[in-house]
Amino acid sequence: MRSTRTTEMSTGLFALLGFAALFFLVTQITNRELSVNGKSYEVEARFENIGSLKQGAAVSMAGVTIGRVQSIVFDQSVYKAVVRMKINAAYDRIPKDSDASIMTAGLLGGQYVGITAGGGEEYLKNGDRIEFVQDALVLENLINQLAASFGNKGGDASKSESDGPESDKPKE
Amino acid sequence: MSIFRELADNFREFLIAVGSVTLFLLRMLAQVPRALLRPRLIVEQIYNTGALSLVIIMICGLFIGAVFGLQGYEVLQRFGAEESLGVGAALGLLKELGPVVTALLFAGRAGTALASEIGLMRATDQLSAMEMMAVDPILRVAVPRFLGGLIALPLLAMIFIAIALYGVQLVAVQQLGVDAAAFWSQMRAAVEVDDVTDGLIKGCVYGVACSLIAVYEGYTAIPTAEGVGRATTRTVVISAVMVLILNYMLTVVMLR
């Protein structure tokens, strides 16, 4: 009888440990999704190019995550990507003329939507659209521009100096 | 000519083996409701396969986590990204390493014990004796062991992952000086509940595979000392191969 009691006890201990580990993994190392805790409202923005923005990406203001990207669809009538975002209802004083841009977190990080506050008196409501947008930076375009400006420099030095970047100014 | 015949024979043997494992599984599943009426037997088997594997799982988890910390730090610090070590470790352990290594250890520790125990019962005619007394050996011997392993493996995998994360943290934060707050907060930001569910599903699938193979091999062992030994070896080999193949297939499905 005594040996069966210890069997039950160690089985119980084992099961308890297992569930404790599961509880730890679920509660301590996962992020709690924004839509789960509390109310939210939806806004949308139309981008020419969203780069590699994904569903579930963060929507942040001043670096603080205030929402998540709900869905991304391609609108054939305007040839633009429509990004619907869920924003925590606690942040209900975002001006309507705010600016949404697609940014990259760090050098290798994923992309997110950054919102910069505008100066208007009206605030975003459910179903509103953010009109001022900035597309994702496409590396190829950037390299093309850079290559073109270098090409100009080689061909015509005086022209590139006149419309060159700020880094040229201290030399003058 | 004879090569083809041999190949055909081998293929036929393989088909027969797959068929009889499937039939064995169905016979066990048919008895599950009746086996659940005697939970004591199942608890005993959870103790045998789970609780007794706890120490090896915890020790292996700790060291795998520690080595993950060392190697991950070595690579990531080249990019100045050593703080995302937590993310890599948590996702790698939850989705792949945790369930797979646990299943391999489980096959080695618990699967062999199951196979040799049932095989010895077969060799010493205990199973025939049960049949004589109108006790169904599938219901009395096979099903409780199968269910015990099935319940124990996912729990073991979760314990393994938690301990391994502690091991990673021990090396990365305590020893190599990765910032503790960044380590945990980046991990927390990147890991979703779905990732834990993935690991749990994998654990359950490997639980079914490993316990089924162990119980089947023991139950159908040739009733000699050599036969039981061979059944034990086959349990480990087939379990390991099956777990790795299943892992690839599950990962393909889960990445969709």
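A: In this predicted model, 45% of the 256 residues of chain B count as buried. The C-alpha atoms of chain B fill a box of roughly 65 × 55 × 35 Å, taken along the principal axes. The secondary structure of chain B consists of 9 helices and 0 strands, and along the sequence this reads as the pattern α-α-α-α-α-α-α-α-α. If one takes the contacts in chain B between residues at least 6 apart in sequence, 88% of them join residues at least 24 apart.

One pair of helices shows how such packing is described. Two packed helices are characterised by the angle between their axes and by the distance between those axes. For helix 2 and helix 6 of chain B, the angle is about 55° and the axes lie 8 Å apart. The crossing in which helix 2 of chain B passes helix 6 of chain B is right-handed.

Which residues meet there? From helix 2 of chain B come B:L41, B:I42, B:Q45, B:I46, B:N48 and B:T49. From helix 6 of chain B come B:P144, B:R145, B:L147, B:G148, B:G149, B:I151 and B:A152. Sorted by class, the contact of these two helices has 7 nonpolar, 5 polar and 1 charged residues.

B:F106 has 31 C-beta neighbours inside 10 Å, and the cut-off for a buried residue is 20 or more, so B:F106 counts as buried. Leaving aside its neighbours within four places in sequence, B:F106 is in contact with B:S53, B:G111, B:L153, B:L156 and B:C210. B:F106 and B:G207 are 101 residues apart in sequence, but their C-alpha atoms are 8.8 Å apart in space.

The second residue is B:G229, in helix 9 (residues 225-255) of chain B. B:G229 has 15 C-beta neighbours inside 10 Å and therefore counts as partly exposed. B:G229 is 117 residues from B:T112 in sequence, and 9.5 Å from B:T112 in space, C-alpha to C-alpha.

Now to the other chain. The contact between the chains takes 21 residues from chain B and 16 residues from chain A. On the side of chain B that touches chain A, the elements giving two or more residues are helix 2 (39-49), helix 6 (137-175), helix 7 (180-190) and helix 8 (193-219) of chain B. Helix 6 of chain B gives the most, with 6 residues. By class, this side of chain B has 17 nonpolar, 1 polar and 3 charged residues.

Chain A contains an open sheet of 8 strands in the order 7-1-4-3-2-6-5-8, with mixed pairing. Its edge strands are strand 7 (128-130) and strand 8 (132-134) of chain A, each of which pairs on one side only. From one strand to the next, the twist averages 30°. Within chain A, strand 1 (residues 40-47) and strand 4 (residues 80-88) pair in the antiparallel sense over 8 bridges.

Notes
Residues numbered from 1 in each chain as written. Chains lettered and ligands numbered in written order. Predicted model: local features only at pLDDT ≥ 70, side-chain atom pairs only at ≥ 80, totals over all residues. Contact = placed C-beta atoms within 7 Å. Helix = DSSP H or I, 4+ residues; strand = E, 2+ residues; numbered from the N terminus. Nonpolar A, V, L, I, M, F, W, Y, C, P; charged D, E, K, R; others polar. Buried ≥ 20, exposed ≤ 12 C-beta atoms within 10 Å, placed from the backbone. Axes fitted to C-alpha atoms, helices over the stretch in contact; angles between N-to-C directions. Left-handed = near helix turned anticlockwise from the far one by under 90°. Pairing = 2+ DSSP bridges.
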